[in-house]
Amino acid sequence: MEVASYLKVSESTLSRWRSAETGPPFIKLGGIARYRLEAIDEWLQNLEPHHGPPN
């Protein structure tokens with residue numbers, strides 16, 4: 001699976017996120033960034049706004 005396609009962003013955006021350490025967690029294997037699907041989904045879930053109970 002292509003991560004950029006999954007996230008609907010360009011490869012350069014994904015690269016920029018890696019450099020800024022703001023994107024999904026990744027592992028470097030042989031100089032190539034690899035992503036676990038579970039880590040991407042958890043990262044996305046953490047971006048969702050969390051609403052507290054009504055006042």
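**View 1. Tyr-35 counts as buried, at 18% relative accessibility.** Buried means under 20% relative accessible area, exposed means over 50%, and partly exposed lies in between (1.4 Å probe, protein chains only). The model is predicted: local features need pLDDT of at least 70, side-chain atom pairs count only at pLDDT 80 or more, and totals for chains, interfaces and linings use all residues. Residues are numbered from 1 along each chain as its sequence is written, and side-chain values use heavy atoms, with hydrogens and water left out.

**View 2. The structure holds two aromatic pairs.** Rings of Phe, Tyr and Trp (its six-membered ring) pair if their centres lie within 6.5 Å; planes under 30 degrees apart are stacked, over 60 edge-to-face, and the rest tilted. Trp-17 and Trp-43 form a tilted pair, 5.5 Å from centre to centre with 55 degrees between the planes. This pair links distant parts of the chain, since Trp-17 lies in helix H2 and Trp-43 in helix H3, 26 residues apart. Helices (H or I, at least four residues) and strands (E, at least two) are DSSP runs, numbered from the N terminus. Trp-17 is partly exposed, with a relative accessible area of 24%, whereas Trp-43 is buried, at 14%. Phe-26 and Tyr-35 have ring centres 6.0 Å apart and planes at 50 degrees, so this pair is tilted. Phe-26 is partly exposed, at 33% relative accessibility.

**View 3. In H3, the residues Ala-39, Ile-40 and Trp-43 are buried.** They lie on the same side of H3, because they cover an arc of only 100 degrees around the axis. The arc is taken from the directions that run from the helix axis to the C-beta atoms. An α-helix has 3.6 residues a turn, so residues three or four places apart point the same way. H1 and H2 are among what covers the buried residues of H3; contact here means heavy atoms within 4.5 Å.

**View 4. The largest pocket has a volume of about 280 Å³.** On a 1 Å grid over the protein atoms alone, a pocket is an open set of points where a 1.4 Å probe fits, with protein on both sides within 12 Å along at least five of seven lines; lining residues have an atom within 4 Å of a point. Grid points are joined across faces, edges and corners, and the volume is the space filled by probe spheres set on the points. Of the 16 lining residues, Glu-2, Val-3, Ala-33, Arg-34 and Tyr-35 are the closest to the centre. Helix H1 (3–7), helix H2 (11–20), strand S2 (32–34) and helix H3 (37–47) each supply at least two residues of the lining.
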